[in-house]
Amino acid sequence: VHVITGGLGGLGLRAASLLASRGAGTVVLTSRSGKIARGGQGLSEQLASVQSSSTAVRLLASDVADATETAGVMLASTLGRSQPLKSVLHAAGIADKGLIPEMQLGRFEYTFSPKAFAASYLHAAVAQLDVGAFFHFSSIASGLGNAGQASYAAANAYLDAHALSRSRCGMAGSSAQWPLVTGAGLGAAAGLDGSYRGMASVTLEQYAVCLSALLVRDASACP
């Protein structure tokens with residue numbers, strides 16, 4: 001079983017497609033609504049493609065920023081199933097614009113909830129399980145910063161630190177600071193394409209190649 005938070009967005013669905021192509025038994029895609037919420041990225045077609053594969057696809061409505069709901073998703077994903085939990089891919093997130101002097105606690109909570117807080121809830125939910133891969137979708141904003149995205153950069157920096165903490169404690173834990181991915185994710189939802197403020201983007205297929213290589217580094221992330 002592979003669980004992908006933010007699984008019905010462009011990056012989550014491409015990750016699901018990648019796992020399906022590698023013969024994953026079951027992929028669980030979670031989102032707050034449990035259905036595709038954005039148009040214009042070919043998401044419905046991508047979902048249909050994954051569902052037509054030999055991989056069993058489950059859609060679950062769950063707010064990953066809620067500790068109780070996150071624990072429930074993990075229980076529902078593994079209860080009564082012969083397949084172990086192979087990987088958790090945390091792709092959920094939301095962006096906000098604002099300079100540091102404009103930041104208030106509520107705005108930090110807005111971006112931290114689906115990324116940083118959710119990461120800790122996911123960790124707690126699987127702490128007693130032997131998970132093969134625990135992978136955070138961070139952002140290049142964590143490493144380089146980005147004007148007007150103070151809270152978003154900080155939330156992603158937390159993901160990087162959280163992955164490192166798990167790894168140093170002997171648990172699966174890794175993250176990738178993704179740049180803008182053309183035609184997918186928060187950038188596409190905001191109407192961004194190509195380079196952004198001098199930073200080059202990658203295509204959706206380049207993203208998939210990179211993600212595949214990162215997951216292959218841990219053989220237990222395979223089906």
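Trainee: Is the crossing of α4 and α6 left-handed or right-handed?

Mentor: Handedness is read from the near helix: a crossing is right-handed if it is turned clockwise from the far one by less than a right angle, and left-handed if anticlockwise. The crossing of α4 and α6 is right-handed. This is a predicted model, in which local features need pLDDT of at least 70 and side-chain atom pairs count only at pLDDT 80 or more, while totals for chains, interfaces and linings use all residues. Residues are numbered from 1 along each chain as its sequence is written, and side-chain values use heavy atoms, leaving out hydrogens and water.

Trainee: At what angle do α4 and α6 pack?

Mentor: Helices are DSSP runs (H or I, at least four residues), numbered from the N terminus. Axes are lines fitted to C-alpha atoms over the stretch in contact, with angles from 0 to 180 degrees between N-to-C directions. Helix α4 (residues 105-126) and helix α6 (residues 150-168) pack at about 15°, their axes 8 Å apart. The two are therefore roughly parallel (under 35 degrees).

Trainee: Which residues of α4 and α6 meet?

Mentor: Contact means heavy atoms within 4.5 Å. Among those in α4 are Phe108, Phe112 and His123, and those in α6 include Tyr152, Leu159 and Arg166. By class, this contact of α4 with α6 has 10 nonpolar, six polar and three charged residues. Ala, Val, Leu, Ile, Met, Phe, Trp, Tyr, Cys and Pro count as nonpolar, Asp, Glu, Lys and Arg as charged, and the others, Gly among them, as polar.

Trainee: How do α1 and α8 lie to each other?

Mentor: The axes of α1 and helix α8 (residues 204-216) come within 10 Å and cross at roughly 55°. That makes α1 oblique to α8. Their crossing is right-handed. The residues that meet include Leu11 and Leu18 in α1, and Tyr207 and Leu211 in α8.

Trainee: What is the angle between α1 and α2?

Mentor: Helix α1 (residues 10-21) and helix α2 (residues 43-51) pack at about 20°, with axes 9 Å apart. That makes α1 roughly parallel to α2. α1 passes α2 in a left-handed crossing.

Trainee: How many cavities does the search find?

Mentor: A cavity is a set of points on a 1 Å grid over the protein atoms alone where a 1.4 Å probe fits but cannot get out; lining residues have an atom within 4 Å of a point. The search finds one cavity of 30 Å³ or more. The largest cavity holds about 40 Å³ of space, the volume filled by probe spheres set on the points, which are joined across faces, edges and corners. Its lining includes Thr5, Ser62 and Met74. Helix α3 (residues 67-78) gives the most to that lining, with three residues. By class, the lining has four nonpolar, four polar and no charged residues.

Key: 1 Å grid on protein atoms, 1.4 Å probe; cavity = no way out; pocket = protein on both sides within 12 Å on 5 of 7 lines; lining within 4 Å. Parallel < 35°, antiparallel > 145°, perpendicular 65-115°, else oblique.
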